Amino acid sequence: MAVNLVNVENVSKVYGTRALLDGVSLGVSEGDRIGVVGRNGDGKTTMIRMLARLEEPDTGRVTHSGGLRLGVLTQHDSLDPAATVRHEVIGDMADHEWAGEAKVRDVLTGLFGGLDLPGFPQGLDTVIGPLSGGERRRIALAKLLIEEQDLIVLDEPTNHLDVEGIAWLAAHLRERRSALVCVTHDRWFLDQVCTRMWDVQRGDVHEYEGGYSDYVFARAERERIAATEEAKRQNLIRKELAWLRRGAPARTSKPRFRVEAANELIQDVPPPRDSGELMKFASSRLGKTVFDLEDVSVQAGPKVLLKHVTWQLGPGDRIGLVGVNGAGKTSLLRALADAATSGGEEQPAAGSIRVGRTVRLAYLSQEVAELDPAWRVLEAVQDVRERVDLGKGREMTAGQLCETFGFGKEKQWTPVGDLSGGERRRLQLLRLLMDEPNVLFLDEPTNDLDIETLTQLEDVLDGWPGSMIVISHDRFFVERTTDRVFALLGDGALRMLPRGIDEYLERRRRMEEEAAASAPAPAARPAQETAEKSAADVRAAKKELQKIERQLDKISEKESALHARIAEHATDFAKVAELDAELRGLTGQREELELRWLELAEDA
């Protein structure tokens, strides 16, 4: 039977006049992998902060099992700005000690791209103070993952990670034995990692078995049962379920939910968008030419990011753009935008960009544009336009589009200065769409948006007739909103990937393997060290390796038994101290054996 690690009993939390949590009771057990979803502002972060006892509830209580080893990644790190990366992540371990630990090597390579931290000016000896928020966050995550925990609590762990980093983190968390509670809007990540979902809504927490696909199905089923008319039945969540069944997850071993029931629920739901009809309408608005690139090279300072690229963005094209950080994704969008806003006069370092005469470009950059803080939300949208044509005869007023993006009638009169980062991001998107563009550039549009807002944005884009380029590390959003994926792999070329992001990750792995294979061999050892080992020495080394592996298995079993006994005697502090001392002794034995195993592995 799984040991209960955390109990939350009848917890309530009020901010101002709003109850974020009202009488919530739940628990986390050994082996749980829980994903937390809900709208921004509904209390996801507050709930996990109380779960980790970083914040006290107004009423109720939160209890931890005795000796619980808890690791927490919050949205604001507590790293020492005067310290180096080495000090914060590895501590006092000597190089030969941490380099001999497979977990440390895996974490550093997965999060930073190599043991020498190639993206940092002085590698491990880089001082933390001047680093960006994203770099500091990766350091905090690495520090957490290198340690051993019974429970890991993560608040938006995929922020500032690229597609490769997110794929690595998902695989790493699946392999760990720690229980997990994770707040994220990355739906692909939730489906890969989690086996239970908590949906935080209006002061309550609804629990669902399974990953994100299962959660969508369960909510859609609940909506169907509760619906009293056809208008309620035709809702966004059924549309997303149809996408999940027919789209990306259908290409994996998932989904686990009842396939027959899901198919029955979505049998009358059409595909997310009619690509042929949209292409026809886009052509009528844009003509034949949108952007034509001929032998284009793009630079950022002295660095050449793209070399001799010839490419075309046509009417109705919906392109996802992925690539390693620094490969030139944003620089390419800026070059196209500069050519469009200058009427074709501003051109890249080499080559030419031809812009269609009817192009009306809207560019959502990563920086949130500043708006007058005294404006109300509705006024900020109406400042652009009162009504918007979404194509295919669909028209919305500014107020209706505000409601679609989660700004209810009361929220529409909130001053812009009082909005959260995610709400400002939504408002920026709204203003872009109200200007009726026929070409959209979206650079990391999912930043700070909750899952419900993302599904609403996807629904609006489904019927939007025009050309679109999306840069995003959110794999689900890219696959959901675009039809083709192109990649920048850091070699100056732009490549189409017929199999999408799966193919991108495969290509990146091959590139890393080829780079490792072509790396120069280490300096030759002295003759006495390079002399061939005798067959007897090799046999002896292999025999001792097998013996050590059996000893490590036994120690692992003893450690698991000790953890269970510590939980069992959680209230007996003397007993817990005795068991903990025994556990530390086992840990020391295991580390010595692992070091000896590494020495023998080379001989064998």
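**Reading burial, rings and strands**

Author: Buried means under 20% relative accessible area, exposed means over 50%, and partly exposed lies in between, with a 1.4 Å probe and protein chains only. This is a predicted model, where local features need pLDDT of at least 70 and side-chain atom pairs count only at pLDDT 80 or more, while totals for chains, interfaces and linings use all residues. Residues are numbered from 1 along each chain as its sequence is written, and side-chain values use heavy atoms, with hydrogens and water left out.

Reader: How many aromatic pairs does the structure hold?

Author: First, the general idea: a pair of aromatic rings is described by the distance of the centres and the angle of the planes. Rings of Phe, Tyr and Trp (its six-membered ring) pair if their centres lie within 6.5 Å; planes under 30 degrees apart are stacked, over 60 edge-to-face, and the rest tilted. The structure holds seven such pairs. One of them joins tyrosine 208 and tyrosine 215, edge-to-face at 5.2 Å centre to centre with 75 degrees between the planes. Tyrosine 215 is buried, at 4% relative accessibility. Another edge-to-face pair, tryptophan 311 with phenylalanine 486, has 5.4 Å between centres and 65 degrees between planes.

Reader: Which strands hold tryptophan 311 and phenylalanine 486?

Author: Helices (H or I, at least four residues) and strands (E, at least two) are DSSP runs, numbered from the N terminus. Tryptophan 311 is in strand E11 (residues 303-313) and phenylalanine 486 in strand E19 (residues 484-488), so the pair ties together parts that are 175 residues apart in sequence. Both residues are buried. Ring pairs also link Tyr208, Tyr212, Tyr215 and Phe476 into a cluster.

Reader: Is strand E18 enclosed or open, and why?

Author: Five of the five residues of strand E18 (residues 467-471) are buried, so it is largely enclosed by the rest of the structure. Look at both faces: Ser467, Ile469 and Ile471 are buried on one side, and Met468 and Val470 on the other.

Reader: Which residue of E18 is the bridge partner of leucine 321?

Author: Two strands pair if DSSP finds at least two bridges between them. Strand E12 (residues 318-323) runs parallel to E18, joined by four bridges, and leucine 321 has isoleucine 471 as its bridge partner. E17 is also parallel to E18, through five bridges; here aspartate 443 is partnered by isoleucine 471.

Reader: What is the order of strands in the open sheet?

Author: The order is E2-E1-E4, three strands with antiparallel pairing. Strand E2 (18-29) and strand E4 (59-64) stand at the edges, each with a single partner strand, so one side of each has no neighbour in the sheet. The twist averages 15 degrees from one strand to the next, using axes that are lines fitted to C-alpha atoms (for helices over the stretch in contact) and angles from 0 to 180 degrees between N-to-C directions. Strand E1 (residues 4-15) is joined to E4 by five bridges, and serine 12 stands opposite threonine 59 in E4.

Reader: Where is glutamate 444, and is it buried or exposed?

Author: Glutamate 444 sits in the loop between E17 and helix H17 (451-462). It is buried, with a relative accessible area of 7%. Its phi is near 50 degrees, a positive value in a residue other than glycine.
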